[in-house]
Amino acid sequence: MSPVSVSTNRVVPGPQEPEEKTYHPSDGLFTDAHVPDFDAYLALYKKSTEEPEEFWADVAQEFYWKKPPSGPMLQYNFDVNKGNIYIKFMEGAKTNICYNILDRNVHERNLGEKVAYYWEGNSPDHHQNITYNQLLRNVCRCANALKLLGVKKGDRVAIYLPMIPELVYTMLACARIGAVHSIVFAGFSSESLCERIMDAQCNILVTAGNTKCFIKVEVWLFRLTVCLLVYTAHTVCTKQCASIHSFISVQGVLHTVTGYMLYTSLTFKYVFDYHHDDVYWCTADIGWITGHSYITYGPLANGATSVLFEGVPVYPHVGRLWEIIEKYGVSKFYTAPTAIRLLMKYGREPLQRYDLSSLCVLGTVGEPINPEAWLWYYDVVGQQRCPVIDTFWQTETVKHLQLSKPNKTQTCPFFGVQPAILNEHGEELEGEAEGYLVFRKPWPGIMRGVYGNQERFESTYFRKFPGFYVTGDGNVAMRDQDGYYWITGRIDDMLNVSGHLLSTAEVEAALTEHPSVAEAAVVSQPHAVKGECLYCFVTLKDHKEFNRTLMEELKRKVREKIGPIATPDFIQNAPGLPKTRSGKIMRRVLRQIARNEKDLGDLSTLADPKVVEVLFSQRCEAAA
């Protein structure tokens, strides 16, 4: 097991607590690990940073290349003062990512009869096992159908589908024929879909007949070829609809096939310590980059067996996830802290109905995880035997940078990733330090640019600190005395209270330590004296009462954990929080609720828009 996956997990206490607690993974996990100990990790990491040409050439040998690279493995310029920013990896090489993750598995690795996906529909009655042979056959059929519709190399194809097998078939069919897929999360509105079609200059849309806003799309667009999947629980067929054309303004993150393929494959293998007999499950939606990388491309590149899940965690019952883990013997489970906190509300009993002994590695992604959720995940879900991998990465980086998040676990940078911490003046800080998280050199999976806008690319990621890549989110990080990095927040997740910079994640972690609180979200509220103050939304566990006594206890908890300056000014009862279907909290909406701003814009991604009305109706009176 890679130490980036199973290195000791340390839950960091608040400033008032005397010590931190250390959690060790079970010894059995190291038996057949790809990286058996920390020294092995250090040797690989050193090679990846000091001998990158040789390191990545070794990784590339695992794949098929129609044409090898014509120049150095990696070329780049991160300093705007020295000319245009560029990153080139395996320049001149030619390959096909679909061939590498399907044909290679079927014809070279003899995995044709191995299950690629266990598909679970929204209803437990709807499920399907898809082998690599079947996956390859269906992808080829879909590719031929797209070619008959006139799709050719370089064309943009918008895909607007739920989490059904046809989503995977379509995206891989695009990759097979050299088309560019733009997958739009199925929860987006027709307006949002239209914007993305326009931005990507798509000339074909693949969608489902039961997709809620398909009819509205036809009102927005014209002269675009639409391939309609008439989708029911048992039947999928295709037909061509009337055409549409749209005018575009393109802005988007650019990635390249070679860097994406190698880095996604490598991170999946080492971070999750994937082995041939594992059953892996990432609960994300393929409409997001997590789903692209860790449901489709990363697992398939390793010949993995994955769960593909269309449903939601609590339908038709709150034990749905645990039921699926038992059914398929899931060994590696990757989900969001929001989902963990949601399921915590229902206690241990739903888990105790199912056998979770197959689990050996747990992962989290998408947002910071608070200590209480981490401990519940470790103690209750993992039964104190599974290491918890907390992954930090961005759409711009494609894959794990594999650093840690606040008040949680410590880990090390992934291979090829060289982090640094700078102060506001751009000076690099050594030893224990806190400041801006930056990276001094590129790795294969880093973004190549912003489509059609080199100026935006350079100004967003490289102009603030010439010579370094700055995460667009403006992440703030701490490096401890042992050299481990901790992501303490994003610049837009920080509050400036009376000149003190506070992390919202840190406050949320303190609130959720209270035994009555299931979940918390903290946003800033303008304050005449302090500049900003804390407005907190708390969701209580079942049968707990929100009252003045609880509010005072929560304020005291934050005051004790962080300090008097962090004491919340407002604490609002939140029966539910505005979340996307993938489980992410929409903090923009919460900020607007706190400030009583009724013009909320597009809420189409919300799983339950009615939550917003409830929260507005229960705003703290003092904040009105």
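When I call a residue buried, I mean that its relative accessible area is under 20%, while exposed means over 50% and partly exposed lies in between, with a 1.4 Å probe and protein chains only. What you see is a predicted model, in which local features need pLDDT of at least 70 and side-chain atom pairs count only at pLDDT 80 or more, while totals for chains, interfaces and linings use all residues. Residues are numbered from 1 along each chain as its sequence is written, and side-chain values use heavy atoms, with hydrogens and water left out.

Let me start with the cysteines. Cys202 is buried at 6% relative accessibility, and Cys194 is buried as well, at 4%.

Now to helix H2, residues 38–50; helices (H or I, at least four residues) and strands (E, at least two) are DSSP runs, numbered from the N terminus. Which residues of H2 are buried? They are Tyr41, Tyr45, Ser48 and Thr49, and because they cover an arc of only 90 degrees around the axis, taken from the directions from the helix axis to the C-beta atoms, they sit on the same side of H2. The face turned away from that buried side carries the exposed residues Asp39, Ala43 and Glu50.

Finally, strands S7 (residues 156–160) and S8 (residues 180–183) pair in the parallel sense over 4 bridges, where pairing requires that DSSP finds at least two bridges between them, and Ala158 stands opposite Ser182 in S8.

Technical notes
Expected span 1.5 Å × (residues − 1).
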